[in-house]
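Have the sequence and the 3D view open as you read.

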Amino acid sequence: MAAAGGAAAEPQLEPPRRGPAEGEEAAAAELAAELAARRSAEARRLVLSPRRLWGPLPAGLSQWFPALEVLDVSGTGLAELGEELLALPRLHTLLAKNNRLGGPGSLPKALGQAPLSRSLRVLNLSGNRFAELPPALLGLRGLQSLSLGGNRLHGIPPDIQELRSLEFLYLGGNFITSIPPELANLPSLSSLVLCDNKIQSIPPQLAQLHSLRSLSLHNNLLTYLPREILNLVHLEELSLRGNPLVVRFVRDLTYNPPSLQELAGRTIKTRNVPYAPSDLPENLVRYLSLASNCPNPKCGGVYFDSCVRQIKFVDFCGKYRIPLMHYLCSPECSSPCSSASQSSTSQSESDSEDEASVAARRMQKVLLG
Amino acid sequence: MEQPVQTEMWKAGSLEELVRILHRLFAEDKVSVEEVQALMESYESNPDEWLQYAQFDQYRYTRNLVDNGNGKFNLMILCWGEGHGSSIHDHTDSHCFMKILQGNLKETLFEWPEKKGNGEMTKKSERVLRENQCAYINDSIGLHRVENISHTETAVSLHLYSPPFDSCNTFDQRTGHKHKVKMTFYSQFGERTHCAMAMPQENN
């Protein structure tokens with residue numbers, strides 16, 4: 001039976017037992033009959049009790065429940081949602097977890113053009129079989145909350161940045177190996193869950209997520225974090241357990257000498273040599289725009305590709321030590337606070353009063369509670 | 001309510017009755033851990049009875065006070081969103097009972113770190129607690145981390161602490177370093193408490 005109502009769900013009756021041979025067609029027909037019988041012009045909420053369906057949602061749904069705002073089809077085994085979804089003009093919450101969605105056509109292709117592309121705020125597709133983020137859902141411009149937890153995602157498409165209204169993104173429990181920097185282009189993102197994946201590094205651009213309050217990274221393959229993570233001033237929750245974070249001080253002196261192009265680029269930037277886009281081939285204009293500043297505040301230098309990686313521990317009063325990755329423009333360009341770490345086995349470097357330690361104290365508030 | 005026979009095994013038919021029996025038990029000078037654990041386990045979770053206390057937060061698990069036990073104990077409901085977990089923590093010399101009301105919670109036990117410990121903390125054991133099961137821990141048993149490892153289901157648990165405490169130590173699994181934290185209530189007796197959080201909570 002389906003429960004329909006504006007307030008809390010009414011008690012739901014189990015569908016009558018069927019023999020194994022009856023199949024999903026019969027179940028679909030039965031569902032259509034039940035819903036037609038329960039039609040309501042005012043009902044805002046519809047919950048389908050757990051049952052065995054294949055899908056799609058029956059044609060006629062939008063006529064039987066024209067005012068529908070919340071639709072819960074979780075645990076019904078649906079393999080496709082179907083075109084009827086596009087005819088629900090007021091839907092703001094769609095819960096479809098623990099189903100068999102994930103194959104091509106699970107979501108109707110025209111999702112981005114339907115009225116619900118503007119109305120839908122919450123979409124929960126956790127516990128399904130998606131191996132990639134379904135492109136059809138990128139058109140949901142009004143979407144505020146998206147969950148694809150417990151699926152089979154191997155990556156996140158850069159086009160995720162099209163979900164401009166996204167505040168909550170749950171991608172825990174997948175097989176994600178890397179994060180596209182475009183994820184940082186979601187201006188309203190306040191909660192990002194990436195736990196239980198296979199992520200090896202965090203792009204520094206994530207520090208641009210100014211609204212981020214909660215970042216869940218536990219149970220991944222991180223060995224360090226980018227130092228820019230200290231810039232997330234609104235971060236209140238950060239989980240890092242279950243990562244092979246480097247504990248002992250590591251100094252990596254691998255250094256590839258800069259190319260002539262790199263040296264020329266550095267000169268142009270540090271000497272402020274003026275140039276206009278018409279002066280240079282387009283690829284060099286782009287190259288010059290990628291200059292990064294050396295984090296050593298005493299050094300005014302820039303670097304392009306050639307830099308020294310250095311893992312530096314930001315010491316939160318000797319309690320938590322988060323390995324942060326620094327990129328310096330050359331091995332000689334060491335930050336003041338790393339001078340104490342010449343004794344490489346020392347674990348109690350003290351922070352000097354540079355920008356990193358001010359930010360570190362802020363981070364201490366986040367991590368220590 | 002069954003009358004206690006020689007082994008004083010109580011049965012609570014509702015959350016209200018559970019609270020009543022707890023008050024009675026804790027009014028005595030001595031309270032038996034087994035008795036309380038059996039009582040907690042005897043209560044069959046009925047969401048209608050505790051839904052008012054089950055206030056979830058998007059960012060982290062919440063602590064919702066149900067009863068303050070005349071100062072002898074605190075009874076509270078914890079709400080865990082998908083993926084929410086606690087830090088490794090101790091129990092400030094108090095008894096801690098944890099009963100699952102909905103969903104599942106994974107409990108990982110840890111040894112106390114060495115005095116001047118500077119290495120990874122030692123895991124003792126882990127288990128997944130199912131609905132209506134009740135676990136018990138105190139500082140002599142060890143430390144634990146509690147997590148909702150589901151990515152699709154929320155979890156709700158009922159906790160009893162005696163004596164009540166409002167601060168504890170959290171531990172960094174990688175180093176054993178500890179840090180004292182103050183614990184706050186998200187709601188009390190069903191009412192959202194809007195005191196600003198003293199410090200954000202970590203869960204490393």
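**Starting inside chain A**

Pick out A:Leu137: leaving aside neighbours within four places in sequence, this leucine is in contact (heavy atoms within 4.5 Å) with A:Leu107, A:Leu111, A:Leu123, A:Leu125, A:Leu146 and A:Leu163. Before going on, some ground rules: this is a predicted model, where local features need pLDDT of at least 70 and side-chain atom pairs count only at pLDDT 80 or more, while totals for chains, interfaces and linings use all residues. Residues are numbered from 1 along each chain as its sequence is written, chains are lettered from A and ligands numbered from 1 in the order in which they are written, and side-chain values use heavy atoms, with hydrogens and water left out.

In soluble globular proteins, nonpolar side chains tend to be buried together. Here, the largest nonpolar core has 69 residues, and A:Leu137 is listed with A:Leu71, A:Leu85, A:Leu146 and A:Leu192 as having the most contacts inside it. Such a core is a set of buried Ala, Val, Leu, Ile, Met, Phe, Trp, Tyr and Cys residues joined through side-chain atoms within 4.5 Å. Buried means under 20% relative accessible area, exposed over 50%, and partly exposed in between, using a 1.4 Å probe and protein chains only. A second, separate core has 29 residues, including B:Val33, B:Met40, B:Ile77 and B:Val156.

Stepping back, chain A has six helices and 15 strands. These are DSSP runs numbered from the N terminus: H or I over at least four residues for helices, E over at least two for strands. Of the 369 residues in chain A, 51% count as buried.

A:Glu262 sits in helix α4 (residues 260-270) of chain A, and is buried, with a relative accessible area of 1%. Not counting residues up to four places away in sequence, A:Glu262 touches A:Tyr287, A:Tyr303, A:Phe304, A:Asp305 and A:Ser306.

Now over to chain B. Helices α1 (residues 15-27) and α2 (residues 33-42) of chain B pack at an angle of about 175°, with their axes 11 Å apart. The axes are lines fitted to C-alpha atoms over the stretch in contact, and angles run from 0 to 180 degrees between N-to-C directions. So α1(B) and α2(B) are roughly antiparallel to each other, a label for angles over 145 degrees. The contact is made by B:Leu18, B:Ile21, B:Leu22, B:Leu25 and B:Phe26 from α1(B), and B:Glu35, B:Val36, B:Leu39 and B:Met40 from α2(B).

Key: Parallel < 35°, antiparallel > 145°, perpendicular 65-115°, else oblique.
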